[in-house]
Amino acid sequence: MENLVDAFAQAGHRAELVRLPVAWEPTRLFDAALAWRMVPIDADLVVAINFPSYFVQHPRKVVWLAHQHRGAYDGADAQWSGFAADDASLEIRRQLFDWDCRALEEAERLYTISAVVADRLLRYNGLRGTPLYHPPPLRDRLRSGPYGDYVFCPTRLSENKRPELLVESLAWTSSDVRLVIAGAGVLRDSLLATARRLGVADRLEMPGYIDDETLIDRFAGALAVAYAPLDEDYGYVTLQAFLASKPVVTACDSGGVLEWVQDGVNGIVTDGTPAAMGAAIDRLFGDRDLARQLGEAGRERVGDQAWEPVVNCLLGAG
Amino acid sequence: MTPPVLGLLVGAGPTGPLASLLRVLSAWCRPHLWRPGVGPVAAWMATSPEAAEAGTSVRGRQPLAVWVDDCPALQRAQALEGPAPVLLTADPAVAANGDGVVLVPSDGVDSTRSLPLPPFLRACWRDRFGLPADLVVAVGGPGPGSLPEELGPTAMALASAVKVEAGCVTRLLEAMAWAAPCVADAATSARIGGRHGVELIIAEPEEMEQLATDLGRDWRRATELGRTARRHVECLHDLHHPASEVAIRLGLADPVTPARRMTTVLDVLGTAPDAEIRRRAVAALAFTA
């Protein structure tokens, strides 16, 4: 969102980011949404990105949807959702569906960050949004480099990002490839324990949170990027990998990642099993030319991405 | 607290959609056909300017609503003695001819009595009750296999899709108010301005079962149709809003005040009457009392 503010500024507009805190427990979900209804916004245009900010009231509201509160929709069965299959939960989800529809219908234009989010919006809310793609962070700083001996994945260490799949896939490789997973999260200890159990701890590096310079270096020196989240909204990591000319190894159920990765063109799309992921990684480790070819195709795929068309669309000028 | 009495002055001629409106108005008052001995009346409603005229001696200067069928009746109502009446009509042309005339849909339902349920939640509810994933329900006229009237709302809320029997306009509107994916014939749909592929699926009777089954399985299409169907009812066939406006203007309900702004915000979002967020919002504003 900061990048969007910068993009508006570069286009000569004054933009400010407005945030409100949110409580995620189901019984308090509506509090922040209601608060947004009452926030007075003096602006020529308001761009709302995600739940609950799109509840803001403004005569010129444009929604560029990153996601609704997925815990009430497709994520209801996940442990993190907070919802159960009881009457009270179903009514909260119904109420949120109704509120979401009405708030989103107010928008003069409705965009989504990806086709995956647009499809989810249609399936769950019956609303049509237009995908509007944007560049990832560090777009102008990511660079290519040698195709080294490690596969890289910068990600939050949480259930939906499936970092354990990557650790398990390492156990299915027969090469000396290493795996670097950078990021923080609740799964850190269990990932390390899994690596020890599978006998791959010596080939796994988990540096935790890394700064931008280190991130850029890690992308540049990687053989490939392994990124296989479950039904991702968009997937900055994919685009960052391509900007660094690295191929992406992913899974067939990774959502927004698959809008960019084409099997055999700029990456490898597996069936999502550790064995298949491991085999894909081995294939690239044994064929650096293939890794380069796929990576350069990835670079071509995203090379033209820019903020200007996004700004123009949101302003209604594009 | 006993609700206020709305005295009814009934004249000759059809009452049209007034009966439906009165059912919804009973949320705020007790409609009572006037006769001597009824007791104190808080406001009056006349089925025509002539009925209002005939009741002049009993209604005095109390608030009055008058039903008008056409522009001449509108003019006669505007000429009645006493405070300016609230004028009601089902004719948009008549409503456009007078200031503040309340337009009452000739085919209407109380949209607050049904809560929009999208397919993904209908599926959850069917699962909870052990109902099949494909549950096409036929609603409408009497006949073998028809659901009892009292089961109608439940069926409309849980069904994967609803088939509406020919001519059953009110049942169609009720199903649409539940955001149910609906299949109906062309004539019934035309009565309420329903468009094929926008608010519902229009089909010949022999095609309806299969189309309804297919629609119930296509969540994207069903969700979109159900959502637009609900909006269609809210915008063009809802009795609650004209009823609440009449109730406020007759002094039977609390007027909208600044203190009720939060409640209004919640109403616009379609918040259920007993939703927890209403209680929380009131609690958050308790310091202003």
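Analyst: Helix 2 of chain A passes helix 3 of chain A in a left-handed crossing. The model is predicted, so every value here is computed from it. Helix 2 covers residues 29–38 of chain A, and helix 3 covers residues 87–105 of chain A. They pack at an angle of about 20°. Their axes lie 11 Å apart. Helix 2 of chain A is therefore roughly parallel to helix 3 of chain A, because angles under 35 degrees count as roughly parallel.

Now the residues. Helix 2 of chain A brings A:Leu29, A:Phe30, A:Ala33 and A:Leu34 to the contact. Helix 3 of chain A answers with A:Ile92, A:Gln95, A:Leu96 and A:Trp99. By class, this contact has seven nonpolar residues and one polar residue, with no charged ones.

Helix 1 (residues 2–10) and helix 11 (residues 308–315) of chain A have axes that come within 10 Å. The two cross at roughly 85°, so helix 1 of chain A and helix 11 of chain A are roughly perpendicular to each other. From helix 1 of chain A come A:Leu4, A:Ala7 and A:Phe8. They meet A:Val311, A:Leu314 and A:Leu315 in helix 11 of chain A. This contact has six nonpolar residues, no polar ones and no charged ones.

Helix 8 (residues 169–177) and helix 11 (residues 219–236) of chain B pack at about 120°, with axes 7 Å apart. Helix 8 of chain B and helix 11 of chain B are therefore oblique to each other. The crossing is left-handed. B:Leu173, B:Met176 and B:Ala177 of helix 8 of chain B make the contact with B:Gly226, B:Ala229, B:Arg230, B:His232 and B:Val233 of helix 11 of chain B. Five of the residues in this contact are nonpolar, two are polar and one is charged.

The chains also meet each other. At that interface, 32 residues of chain A are in contact with 31 residues of chain B. About 3,000 Å² is buried between chain A and chain B. Carbon and sulfur atoms give 59% of that area. Three arginines stand out: A:Arg94, A:Arg102 and A:Arg123 supply 22% of the area that chain A buries against chain B, more than any other three residues. The rule finds seven salt bridges across the interface. The side chains of B:Arg128 and A:Asp87 meet in a salt bridge, at 2.3 Å from N to O.

Finally, two backbone details in chain A. Most residues other than glycine have a negative phi, and most peptide bonds are trans. A:Phe51 and A:Pro52 are joined by a cis peptide bond, with omega about 0°. A:Pro52 sits in the loop between strand 1 (46–50) and strand 2 (61–67) of chain A. A:Asp231 is not a glycine, yet its phi is positive, at about 50°. A:Asp231 belongs to the loop between strand 8 (224–226) and helix 8 (236–243) of chain A.

Note on methods:
Residues are numbered from 1 along each chain as its sequence is written. Chains are lettered from A and ligands numbered from 1 in the order in which they are written. This is a predicted model: local features need pLDDT of at least 70, side-chain atom pairs count only at pLDDT 80 or more; totals for chains, interfaces and linings use all residues. Side-chain values use heavy atoms; hydrogens and water are left out. Axes are lines fitted to C-alpha atoms, for helices over the stretch in contact, and angles run from 0 to 180 degrees between N-to-C directions. Helices (H or I, at least four residues) and strands (E, at least two) are DSSP runs, numbered from the N terminus. Angles under 35 degrees count as roughly parallel, over 145 as roughly antiparallel, 65 to 115 as roughly perpendicular and the rest as oblique. A crossing is left-handed if the near helix is turned anticlockwise from the far one by less than a right angle, and right-handed if clockwise. Contact means heavy atoms within 4.5 Å. Ala, Val, Leu, Ile, Met, Phe, Trp, Tyr, Cys and Pro count as nonpolar, Asp, Glu, Lys and Arg as charged, and the others, Gly among them, as polar. Buried area is the accessible area (1.4 Å probe) that two parts lose on being put together, summed over both. A salt bridge is a side-chain nitrogen of Lys or Arg within 4 Å of a carboxyl oxygen of Asp or Glu.
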